[in-house]
Amino acid sequence: MSWEDNVRRVVPYTPGEQPRIKNLIKLNTNECPYPPAPQVAEKLKSINYEDLRLYPDPQASALASAISGYYHVPMDQVFVGVGSDDVISMAFMAFFNSDRPILFPDVTYSFYDVWANLHGIPFERVPLDCDFKLVREGFLKENGGIIFPNPNAPTGIYEDISFVEDIVKNNPDVVVIVDEAYIDFGGKSALPLIDKYENLLIVQTFSKSRAMAGMRIGYAFGSKKLIGYLQDVKFSFNSYTMNRPSLEVGAAALQDDEYFKDVCGKIIKTRERVKGRLRELGFDFTDSMANFIFARHRTIPGKDIAGDLRLKGIIVRRWDADRISDYLRISIGTDEEMDKLLIALKEIVA
Ligand SMILES: *Cc1c(COP(=O)(O)O)cnc(C)c1O
């Protein structure tokens, strides 16, 4: 007998690397290439360090009410957490307690199986079709809950609200979580559906479109009942998940909608321009509606391209996984960064 027999052993999620190399073009973790809204800078400057001796508001009211106001959703239907990773992990704990397996796509955010394993939740992967699209029928079998991102990651493929509604409507006995981390880059949120379906949780984040991955702010919307259950889990876990600066800075970030829309618009424009150039260079890719492009060269293995890019000071993300090992997930950077990427790729594929 050893103490190690009683250790919960898990295989952790591997985040994209955050190297400290100067002048690196970092296109591997879908961060925003532009700074957060200017109000964030002002708010940061006005934060009194002396206040840090005090615990933050356990209800996170400043942030929750700003989100509530921005999205026109009552406060008691808003939940906030330390990035959407925190929100989703708590939602797994709160809602996925069936003996039946939860369902998620076979190619998707690779944190889902990690959380399922951590929380001891059985799961089944639902295969995407040959075009990497979600398959409706796959989500209509018996299950203990459902989660999928929309747009899906790392494919970037967006499904219409009617697709989401179809899945929710046909799964009234379980909670369906829609992870909308990338919804601001051209998709339409399924948020209005929370008025119709008590079992639907919509999760979003400040990390991508609001350029605040470093602050760790995520949030969710659902029926009053659903959010109540989520709050109960949160308050059984840690009363003070959100720190004081995040609460204030997060609320400030929502004040400048024009800036927000401008940043999203720029990223979408760059994405579409880069798609055209990648096609000329011999790449195939999905029609991403996110802040990244998921692309494969017609002849050169993904591993080789990623390695060559790295030598040129550009990092992208790829996985040694079934079906997608030749694909590169390229985050959308500034136009200047993407031009450097395109020049490097042109040399590599020549
Ligand atoms: C980035 C990402 C998240 C997590 O974002 P946070 O930084 O924790 O808010 C969640 N889901 C998907 C699909 C993502 O790509």
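Colleague: Hi! Which residues are around the ligand?
Modeller: Around the ligand are G83, S84, D85, Y109, D179, A181, Y182, T205, S207, K208 and R216, where near means that a heavy atom of the residue lies within 4 Å of the molecule. This is a predicted model, so local features need pLDDT of at least 70, side-chain atom pairs count only at pLDDT 80 or more, and totals for chains, interfaces and linings use all residues. Numbering runs from 1 along each chain as its sequence is written, and side-chain values use heavy atoms, leaving out hydrogens and water.

Colleague: Thanks! How far is a polar side-chain atom of Y182 from an oxygen atom of the ligand?
Modeller: The distance is 2.5 Å for Y182, and for T205 a polar side-chain atom also lies 2.5 Å from a ligand oxygen. In R216, a side-chain N or O atom is 2.7 Å from an oxygen atom of the ligand. A polar contact here is a pair of N or O atoms within 3.5 Å.

Colleague: And which helix gives the most to the shell around the ligand?
Modeller: That is α3, residues 83-95, with three residues. Helices are DSSP runs (H or I, at least four residues), numbered from the N terminus.

Colleague: What about the shell's make-up: how many residues are nonpolar, polar and charged?
Modeller: The shell has three nonpolar, four polar and four charged residues. Asp, Glu, Lys and Arg count as charged; Ala, Val, Leu, Ile, Met, Phe, Trp, Tyr, Cys and Pro as nonpolar; and the others, Gly among them, as polar.

Definitions and conventions: A polar contact is a pair of N or O atoms within 3.5 Å; within protein, one must be able to donate a hydrogen and the other to accept it, and residues adjacent in sequence count only if both atoms are side-chain atoms. Helices (H or I, at least four residues) and strands (E, at least two) are DSSP runs, numbered from the N terminus.
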